[in-house]
Each structure stands twice: as structure tokens, then as C-alpha cells.
Amino acid sequence: MASNELGGTQTQASRDYLDELNPEQRCAVEFGMEDATGGGPLLIIAGAGTGKTQTLAYRLAHLLVRGADARRVLLMTFSRRAARELEHRVGKIVQQVLNLDAGTGHLTLPWCGTFHGIGARLLREYATRVGLDASFTILDRADSVDLMGIVRYQQGYSETERRFPSKASCLSIYSRAVNSREPLQVLLDGAYPWCSTWKSALDELFAAYVAQKQAQHILDYDDLLLYWAHMMEDPELGGEIGARFDHVLVDEYQDTNALQSDIVHALRPSGHGVTVVGDDAQSIYSFRSATVRNILDFAQHYQPAAARVSLARNYRSSPQILSACNAVIGLAKEGFEKRLWSDRAATPPAEIVEVGDETDQAQYVARSILERRETGMALRNQAVLFRTSSHSALLEIELARRDIPFVKYGGLRFLEAAHIKDVLSLLRWADNPHHGLAATRVAQLLPGVGPATASRIAGAAASGDMLAALDRLEIAESLRAPWDELRRVLRRLSKGAARWPLAIGEAIEWYLPHLERIYDDARVRRIDLEDLARMAALHGTRERFLTEMTLDPPEAVGDEAGAPYKDDDFLVLSTIHSAKGREWRAVSVLNVVDGCIPSDMATGTIAEIEEERRLLYVAMTRARDHLSLVVPRRFYIHQQSDKGDRHVYAQRSRFVPDALLPHFALSAWLPTVPLASSSVPKPNVAPIDLAEKVRRSWERN
Ligand code: ATP
Ligand code: MG
């Protein structure tokens, strides 16, 4: 029997836990174990569903079982949910191996999270060393756009003769420049050629934006990585931070950007103890400056080169589904070499189902989900994926009509709702009196307060002792009662006065009368506020809550607060981006037509088209036993500026050309029961003989 720091003992039986892995996975798990530093750098690069995340979890568990200190492990992945799942998986393996009982064996990894989350924590700790105020607030993307808009206005760019890039474009250019570490002119010429001539104006705008952030003691998302990377460049500070970790492990490395890879390299320059995992064929975040070069060049970054393990056996999908996935990615312009194989039990082939339009699509998907549930497949084992959040709108109506519970990931986030932002702004302002953006938002909630008074209030609050300054401020008599109420709640919320999480209750209580006055649907919005209070109670401190909510807000209420319905069986709807790394027994992909995948928005360059292809590949590779690609033949286009809303005939996505059809089962579906209660207008085009059309198109192949 061997004993371990975690207090457990390992028996012979439990030592065989690595037998569950295949030889390549095992080789990656045991790599460098004879060396106290965990060996040199290791790259696990492999296709979808080959057990990369599983292998990473086993490797970390193995390190811990062999005595590594969990407090000195840095484990990063792309979302907080993925991080939590990884931590849970590692915990379970360790518990099982060391025979820890459930009560004593709860393993936590204090440094497990997203790059942005970990960056925020380190920055708070080292703030004063890098000239930051430790009570800085973090701006979410929407607030950053607003701040950019304010600066753009102040600098006079809203009145230029030639149209200046919008505030959202300005922020995305700024963000790309920061994250990609590319010179601005190069970036503009390559990715935003229509803005190329604005280089010097943008330089000035960005400088003013940075100055505003500093004055208000706020950091945006990009700053969290930027400051972290800067800290790592300082030999003393960088060394100190790097020395805190013995092991650095990163999942989904193909979707990291230049700053993130610089951070990983700087944390452990020798590469000892570094493991990165990913799949170049699944890189789908270049619009956030991710670069697939990070994973492709990782091994050669080190001298000698990092060890590399490839995995080819797919454990997720049936051979039939995998052959369709392989076929789709096989047409990629860059020759990804991975041909995955699977010896899972055979299933029927992946399906391509043609339907008349999006209304039929919603009906078809809802029905097939219910049919599968009748055969014993729970809703939670099924998912519906789509390119863009709005694509699921009709399906959501159909699911509600049929009483099918679902949770939706991606798209409009909970925290973007105005009433949630109102309450959080109050907390942020109480936390950071310099936070002008939060202050003006809150002040404008008072009846009769417009931008001018709000900015006077914000200015006063930032000028010294916030509460005293607000007491001295002259305010119109008509505002007296709500003004007194606001100062009272700010006093209660200022640091330390109201204990956490009671403070959130006080903030909501202050807000409710405003909510009732401002919104017609206040009753519905109140429920969200109750959810917010519940989430707050899950976080130990206000600062932790605000940071985490801003950095990685729950994509849906159910994400944070457990199952969204009392009924714990629910279907998942998700954008493809948010489905990364996950799997379900049955997956339906909506709108597999040109214009949706690839998206109309992304048909500019070959690189963009290729990324859309990988997106479809990511969607398809989520399926274990059942996969349908749904192709509506008519498609409704919204708000085309010159042509108005209209229906168009859609083509099956170019990523599934005729030559690939032998990998699929083809069918057409027509609704058998008219949608009596549907309020969705039927398309205003002549009916087509769909079955005949489909039959002919298949026969050609
Ligand atoms: P993705 O590319 O989608 O992130 P991945 O390569 O990370 O996928 P995992 O999610 O780790 O793959 O694993 C896919 C599935 O295969 C999971 O259900 C996992 O439990 C299973 N699996 C992985 N390795 C093995 C194994 N050696 N034996 C049995 N099942 C395995
Ligand atoms: Mg994975």
C-alpha cells in the first residue's frame, strides 16, 4: 500500500485505473512521471472525441496521486463550466484511486478556471506592483462598447464627414490588436481594410479609451490578459508568478490567442510541467483573435521540441456518424491528417433531412425529440445546435407549445438584460466610486435624471470621499426622496457595511420600485432578480461574485443555479460555439444551408469559410448515436436593408456537397398535421413539390 499527501492509500486494484486508457492515452498520462518536475513540455493533439480532455484529467489525477500539490497546479480551459467539469472529473478519479470516502475526499483545485478568471485573480493580488488600484472593476463587453462610444463622441469622431467605424467596430479592432499583438496598421490592412485610412485617428481614440479606463479604475476583458502578459515580461514579477506553479495544463489550446500562448510560455520558460491539449481541426475562435498557429507551433517553441502524442481512436461517435464527420473535415483546404476510427456499435447513418421551411424544421425537430424520448432516450441526452442564437427562435416556440423543457446556451446572456445590469451597476459603483459608467447608469434610474445630472453625480462621487461628496451635492428638490434613498443604499453597500450576500438583497430592494416604474413586464424581470440573488449566495464575497459574473457570466440561468426546471430532464439548445467539448447521444443541427453555415457574415475570405467548415465539424462531432442535419428549403431573411424581409430558396450547405451524400441517409419530411396554433406566418411563396424535388436531387447523385 502506498500513502499520499492527500491522506489516501492506493491499493493494487486501484492502481490499475490506468488500464482504462488506450496505449497512447496512457503514454500521455505517464509522460515524464519519473521526473520530479513532471517532465518536459507535452502536446496532446488529436481529433474530436478521442479522449483528450479525459487524458488531461487522468494526467492531472495521476500527478496528484503521485504527490503533486493541488495548490500548485494551474489548469485552464475556455469556460467556467468546462473548468468545473474538469475539476470534478479529476476529483472523482483521485477519490476512487485513493479510496477516499465521499466526505473527506472532496478535492479542490484552487487555480482551475479560464485564462481571464485566473488573470483577474492574479492581478488583484499583484495590483499595486503594476500600478493598479486593487479595487479595480472589470467591464463586460457591452459596457466596454459603451465606454468606447463615449470616448468616440468626446473625441468628435461621431461627426466626421466620412463615416467613422461604429463604437462596436472600434472595440473589436482594439480588442483584436491587443490580443493578436499585431501592429494596428497591419491588422487594419488585413482584417479591416475599409478602416485602413483611420489608423492615426484610431490610435488617438484608443489612447483616450485607455486613459478613461485608468481614470475610472476599470479594466476590460482584454486588459486582464494584457496586464498578466506584461507582469510575466517583468523578470522579477514573472519569475515570482511562474514559481507558484509546478504544473500548467491547458485544454482547448487551439482556441488560444497570442497573449495566452505568451503567458503559458512565460509561466514556465523551460516547458517543464506544461501540458497543452487541443485539436487544430476544431479551431473556431479566430474572430476573438485565437490563432491555430499556437498549437501547430507549440512543439517547436521548445529546444528540444516538446513531446507530442496523437490519438486516433474516437470513443464518442458510432462508426457511421464518424464517417460523415471525417468526410466533412476531409474537404478542408488545409489537409488535416486525422482520420478517426471507432469500434463502437453500429448505428444508422447520420441523416440529412430536408424540410419545407423553418416552421417545418421546428416541428420536425420537436417531434423527433419526443419520439426518441419514447424509446427511452432522456431529453438531457439530446441537443439541438445552431450557428447563431436567433436560429432557434421558432423551435423555442414549438418546444414551449409542446411543453418540452429546455435550457439554452449561448446568445443573449442573462447578465446583458437591462434590469440585471442595473442592479450590478449599483454594486459596482458602491465598490469603485471612480466607476463613472456604473454611476451614470444608476443615477439615470432616478425619475427625471438625465445624462447631464447623472454625469455631475458620477463626477462628484469620483472626487474623493464618495458618500460625503454626494451628501454635499446640490440636487433639485423634486428629486429629494429618491436621492435620499440612493444615498442610503450606497451607504449600506459601501465596503463592509452590509454583509455578503445580504447586500445583494438590499440592492434589489432599493431597485424594485424603479423596476416597477420603468418596465411593463416588471413581474417577469423580478424572477431574474431572484435568480441573481440565488447565484450571489453561491459566491463567498461580493468582489468574487462581481468578478466571476463579469468574466464568465452564466450563459443561461440554469447554468449557475442548477436545473432550470423542477423537472430535471431537459433538452439542451446551444450555439455551436458554446457546445465545444461536450457530447450528447442525439444531436440535431439546424439550418444546414448556405447563408447559415457558412454564415452570410463570414463569407469574406477563404480562412473565414474554412472556420465555418470547422464549426460544422464541431457540431457534428458532438453526436454519439444519432445525428441529423436539417435543411430547410425555404429560408426567411430578416432586415435586408435594401430588400426588406423576404423568403429565399436555400441551398444545402456547401460543406456537404453531393459527393459526400453516400455518408448520409437522406430523407424529406413533410408535416402531417397543420400547425393550427402557430402564429408564425407561412412563407409567401408558391408551394413547391418538395418530396418530388428532393427525390430528383438525390437521384442525380
Ligand atoms: P473534444 O474534441 O470534443 O473536446 P475529447 O477528445 O476531449 O473531445 P473526451 O471528451 O475526453 O474527448 O472523450 C470523449 C468520450 O470518450 C467521453 O465520453 C469519454 O468518457 C470517452 N473516452 C475517452 N477515453 C476513453 C477510453 N480510453 N475508454 C473509454 N471511453 C473513453
Ligand atoms: Mg475535450
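Predicted model: local features only at pLDDT ≥ 70, side-chain atom pairs only at ≥ 80, totals over all residues.
Which residue caps the N-terminal end of α12?

**Figure 1. Helix α12 and its cap.** The capping residue is N257, with a side-chain oxygen 3.0 Å from the backbone nitrogen of L259. The helix itself covers residues 258–267, and it is largely enclosed by the rest of the structure because eight of its 10 residues are buried. Those buried residues are A258, L259, Q260, S261, I263, V264, H265 and L267.

**Figure 2. Strand β15 and its partners β12 and β16.** Strand β15 is made of residues 584–589; five of these six are buried, so the strand is largely enclosed by the rest of the structure. Strand β12 (residues 382–386) runs parallel to β15 and is joined to it by four bridges. Strand β16 (residues 623–632) is also parallel to β15, with five bridges between them.

**Figure 3. The surroundings of ligand 1.** Ligand 1 is surrounded by 21 residues, and the closest are Q25, K52, T53, E583 and R622. By class, this shell contains 10 polar, eight charged and three nonpolar residues. Helix α3 (residues 52–65) gives the largest share, three residues.

**Figure 4. Polar contacts to ligand 1.** K52 places a polar side-chain atom 2.6 Å from one ligand oxygen, while a polar side-chain atom of Q282 lies 2.8 Å from a ligand oxygen. T50 takes part through its backbone, where an N or O atom is 3.2 Å from a ligand oxygen. Of the 630 Å² of accessible area that ligand 1 has on its own, the protein covers 84%.

**Figure 5. Cysteines without a disulfide.** How many disulfides does the structure hold? The count is zero. C195 shows why: the closest cysteine sulfur, in C170, is 7.6 Å from its own sulfur, too far for a bond, given that a disulfide needs two sulfur atoms within 2.5 Å. C195 counts as buried because its relative accessibility is 1%. C596, at 2% relative accessibility, also counts as buried.

How values were computed
Residues numbered from 1 in each chain as written. Chains lettered and ligands numbered in written order. Heavy atoms only, no water. Buried < 20%, exposed > 50% of the residue type's maximum accessible area, 1.4 Å probe, protein only. Helix = DSSP H or I, 4+ residues; strand = E, 2+ residues; numbered from the N terminus. Polar contact = N/O pair within 3.5 Å; in protein donor to acceptor, adjacent residues only side chain to side chain. Pairing = 2+ DSSP bridges. Near = heavy atom within 4 Å. Areas by Shrake-Rupley, 256 points an atom, 1.4 Å probe, with all protein chains shown as cover. Nonpolar A, V, L, I, M, F, W, Y, C, P; charged D, E, K, R; others polar.
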